[in-house]
Protein chains: 2
Amino acid sequence: MTEPMKWWGWGDPEKRLELGEDARATLEAELGAAEPSARVELEEVTMPEARALPDAVTRAAAEALLTGHEDRVRRATGKSYPDLFRTRSGRLDAAPDAVVTPRSAAQVLAVVEASAASGVAVVPFGGGTSVVGGVDPIRGPHDAAIALDLQSLRHCEVDHTSLTARLGPGLRGPEAEAALLAEGLTLGHYPQSFEYATVGGFAATRSAGQASAGYGRFDELVTAIELMSPAGRLATLETAHTAAGPALRELIVGSEGTLGVITDVTVRVRRAPAVTRYEGWIAADFESGAEAVRALAQSGRLPDVTRLSDEEETRVSLALSSTAGLKRSLLDSYLRLRRRTGGCMMIVGWEGEAEDVERRRALSSRTLRSAGVVRLGGAPGRAWSHGRFDGPYLRDELLDLGYFVETMETSHTWSRYQDLYGAVGDALRDALQGQGTPGLVWCHLSHAYRDGASLYFTFVAPRRAGAEIEQWGAVKTAACQAIVATGGTITHHHAVGRDHAPYMPAEVGDVGVEALRALKERLDPAGIMNPGKLLPDA
Amino acid sequence: MTEPMKWWGWGDPEKRLELGEDARATLEAELGAAEPSARVELEEVTMPEARALPDAVTRAAAEALLTGHEDRVRRATGKSYPDLFRTRSGRLDAAPDAVVTPRSAAQVLAVVEASAASGVAVVPFGGGTSVVGGVDPIRGPHDAAIALDLQSLRHCEVDHTSLTARLGPGLRGPEAEAALLAEGLTLGHYPQSFEYATVGGFAATRSAGQASAGYGRFDELVTAIELMSPAGRLATLETAHTAAGPALRELIVGSEGTLGVITDVTVRVRRAPAVTRYEGWIAADFESGAEAVRALAQSGRLPDVTRLSDEEETRVSLALSSTAGLKRSLLDSYLRLRRRTGGCMMIVGWEGEAEDVERRRALSSRTLRSAGVVRLGGAPGRAWSHGRFDGPYLRDELLDLGYFVETMETSHTWSRYQDLYGAVGDALRDALQGQGTPGLVWCHLSHAYRDGASLYFTFVAPRRAGAEIEQWGAVKTAACQAIVATGGTITHHHAVGRDHAPYMPAEVGDVGVEALRALKERLDPAGIMNPGKLLPDA
């Protein structure tokens, strides 16, 4: 098992992405000074005292019960800005009363059933990487809440003929990849949270990886799934495809722990690629770049990785990269070609057999050139690949410096894509301004389809010291409202959790919410599964 | 609107696929003589007298109410063998008490609400092509049953930028294609029922077209859907993709009219192909042919159409084709290459821009040759394309001759594929033998995936005159039990309807059935929507 991440932030405790003097000066020049934010020590973290668990739950948990200070702190939050801020400050409003790490799917069911019978809320916990409050330890009406950590369920059984694998929900991204690579295979699922997020979490939240165009989103990879609900075990059939009614698999995928605990996920896998090739290209502006991506998607020539930064993301990331360990050649190539003012960086990548990669690359390249996009070469692609999981490390540095930094994502059809891009960007800028903290807002497209694409916004501003959560709430709300008003989805791949639950009626309508409630009430009559997530308060 | 089909059988009343003397002699030699089956005239068909509808329903239906003899006969059954047998015999056990053809989605909702309030069962009716009892007019506990025919809802609104189209549920396959072709587009969805099945039916049953590898199964084409349920309107968001919880779209797709009436379907469309190219190839046997298809699917080189007949289907279809209007060249090419004994016909096809088709064809061909499959040329492909919707016409001829003929389909992963093929084939042959009517059983693979493929069985035997329904029931049950015992799905693309409902607990488990019941009870508390379908009796 990989080492636990920083208790107070993201990732490998040994790794830092320190911003150099130039980058810090740039940020200060553009955003004004921020008040550096201190971090407490682990022992100093305060949280509500643990409530005692009913005997039935303690018995079912047996030796899988953890009750230490660090055990509870580590399962008290995910990794959204408010999560990080509260953790670093050492003031946790809530924490699980205990942590249970079941050794088998049967023990998961026993713990869930005991919890349902004795009124204990169960919060399934994988990598703890949620950025939408998905693992908030909310007791709801219950007497206690446990974090049910799937870390011990890490099996990997490969069917080489069918190219599928049964994976344990507790496998982290790199663990799943390592187990598959040992068999010459890959899942090809690389969300930014890859290093710590788990297979169960990928399924529960409809994760999308950076190479989703090539390998499929996680929901497209799942062929069968097992859920331990308070009403019992629900497992879908492992078959190539079925027309036997509504797709229950698609109900469990995305259920975010509110219906039960995912204990087994069968996924399609592929032979590990012989070659991976990533390149940088540059588009004149975000609109023409997005049109180029649309042309790729609609002609079936989409690379496996396709990312398009807007002007602001291109500018900021280059400004920060020169001092953040990324290759200088990225900036150089860019500047050479920058006779056009501004421009939007595009990263495209292909993976597979050498011959397939070259053929597909030639086809994609032709489409890109026809759309006026200019090739920068392999250096920016390699730089992107090298730093593809670094975003959250950089966020920790920005938090140290005292900045408010958060991300949001959505998607829409191509015909409404630029409207949504404009509306959300404006809402973020206006809301930051309204907080008295004008900020930087940038965006990229990272998942494209024949009918549309995702939008992923990052924003940075000085924090309002003493009013950080209020500041976050106001900006988040403004952006969510803009998404809803423009008809976009409240989440393309971060899921709903606690933070997006109020927008579910806008997303699926009142009848849709009722349908989800009906399911929840039948599978979890006592309402113990992950209270406060996914569904809006009744 | 296309003309209505034969009231007593399949398809265009002007079209016959008469079997010639040779073919009839072959059948008689192999199966023994059958007792030709007479057909009654439309006026002679008997069915239960229509019950009166409550005023509320009559008012909501207004001018969309039809109560004529033919109106009722035409919505009394689908097109399974027992359906056809009962209709031809003129003895219908059940018929809708009236037919309503709402003029708008709002009127659909009004009729559904009035029916729910006054205890009238509502059976949504599209093309009436179900082969699983999906439109059986079952009243259930209610006083009356209406067929709600969507024939008036036939809009087509194209979004050229996003390459999507909003389609009315009442559009038949050719109508949808014609409307799209007028805009230079195609849906590319060609199930064998294409000529008469409707868009609403495609969605309600998770239809799969002959080119599903290229264009996607129908469930993969749907981006948004609207359902009028007794609890109100449920519409999913039209966006490129969403991670906002369980996929309600995937609940409505496949709901088979049991949750409400589908009134709008937004689908991905493509530019109409410039070129279509179909070819025949021949594999040594079904196992090596299936391995070749697996190699195509797992390397990403699957043609848009890929069909592999087993030895028996190859033999029988060639024996019948020489006199059934198919090109003689099919047989000639085959015989020239038949130095290997037996063999399995494979039809492969590519559609799209000429350059893409040629490139993809070269790649597929290389994989096929590596797998030992031999190219026959374009003639068998053209012959297949010419007769691709002819199966049901041939069935009518076989019924006229007095044969029992039916189809069944399933799917499994590649690692269990040959097991399932063997088990179902054996079950069918044994059951036919057990009925005292040994028959011919043949099979093809027509939908392939990276992880597995479908199996489509056809069987023909002399009918047991006077015990046709019993004969069908015994054979169908034996095959279904074999599917369940081998872990295959009870349906890859025919849906559940009434005939497969008893196998749903095996398919999704008791907890899965409970989840579906919970949904049904919330959206349709009075249980008026398509009673007796999808869910097993409580």
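User: Leaving aside neighbours within four places in sequence, which residues is B:V424 in contact with?
Analyst: B:T410, B:L455, B:F457, B:A479, B:A482 and B:I483. Contact here is C-beta atoms, placed from the backbone, within 7 Å. This is a predicted model: local features need pLDDT of at least 70, side-chain atom pairs count only at pLDDT 80 or more, and totals for chains, interfaces and linings use all residues. Residues are numbered from 1 along each chain as its sequence is written, with chains lettered from A and ligands numbered from 1 in the order in which they are written.

User: OK. Which residues have the most contacts inside the largest nonpolar core?
Analyst: A:I146, A:V424, A:A479, B:I146, B:V424 and B:A479, in a core of 331 residues. A nonpolar core is a set of buried Ala, Val, Leu, Ile, Met, Phe, Trp, Tyr and Cys residues joined through C-beta atoms within 7 Å. Buried means 20 or more other C-beta atoms within 10 Å of a residue's own; 12 or fewer is exposed, and in between is partly exposed.

User: Switching to the two chains: what rotation superposes chain B on chain A?
Analyst: A rotation of 180° with 0.0 Å of shift along its axis, at RMSD 0.0 Å. That is the relation of a two-fold axis. The same surface serves both copies, with 100% of the contact residues of chain B recurring in chain A.

User: How many residues of chain B are in contact with chain A?
Analyst: 71 residues of chain B are in contact with 71 residues of chain A. α19(B) gives the most to that side of chain B, with 14 residues. By class, the side has 27 nonpolar, 30 polar and 14 charged residues. The classes go like this: Ala, Val, Leu, Ile, Met, Phe, Trp, Tyr, Cys and Pro are nonpolar, Asp, Glu, Lys and Arg are charged, and the others, Gly among them, are polar.

User: And B:H493, where does that lie?
Analyst: In the loop between α18 (468-486) and α19 of chain B. B:H493 is buried, with 27 other C-beta atoms within 10 Å.

User: What does B:H493 touch, not counting residues up to four places away?
Analyst: A:A243 from chain A, plus B:R206, B:S207, B:A208 and B:E409. B:H493 and B:T205 are 288 residues apart in sequence, yet 7.1 Å apart in space, C-alpha to C-alpha.

User: How many helices and strands in chain A?
Analyst: 19 helices and 18 strands. They're DSSP runs numbered from the N terminus: helices are H or I, at least four residues, and strands are E, at least two. Of the 538 residues of chain A, 61% count as buried. The C-alpha trace spans about 70 × 55 × 45 Å along its principal axes.

User: Is α16(A) buried or exposed, and which residues are buried?
Analyst: Eight of its eleven residues (391-401) are buried, so α16(A) is largely enclosed by the rest of the structure. The buried ones are A:P392, A:Y393, A:L394, A:R395, A:D396, A:L398, A:L399 and A:L401. They pack against α1 (21-31), α4 (81-89), β16 (403-413) and β18 (452-462) of chain A.

User: What follows α16(A)?
Analyst: A:G402, whose phi is positive, near 100°.

User: Last one: what's the strand order in the open sheet of four strands in chain A?
Analyst: β1-β2-β4-β3, with mixed pairing. β1 (65-66) and β3 (120-125) stand at the edges with a single partner strand each, so one side of each is left without a neighbour in the sheet. Strands pair if DSSP finds at least two bridges between them.

Terms used: Copies are superposed by least squares on the C-alpha atoms of residues with pLDDT of at least 70 in both. Two residues are in contact if their C-beta atoms, placed from the backbone, lie within 7 Å.
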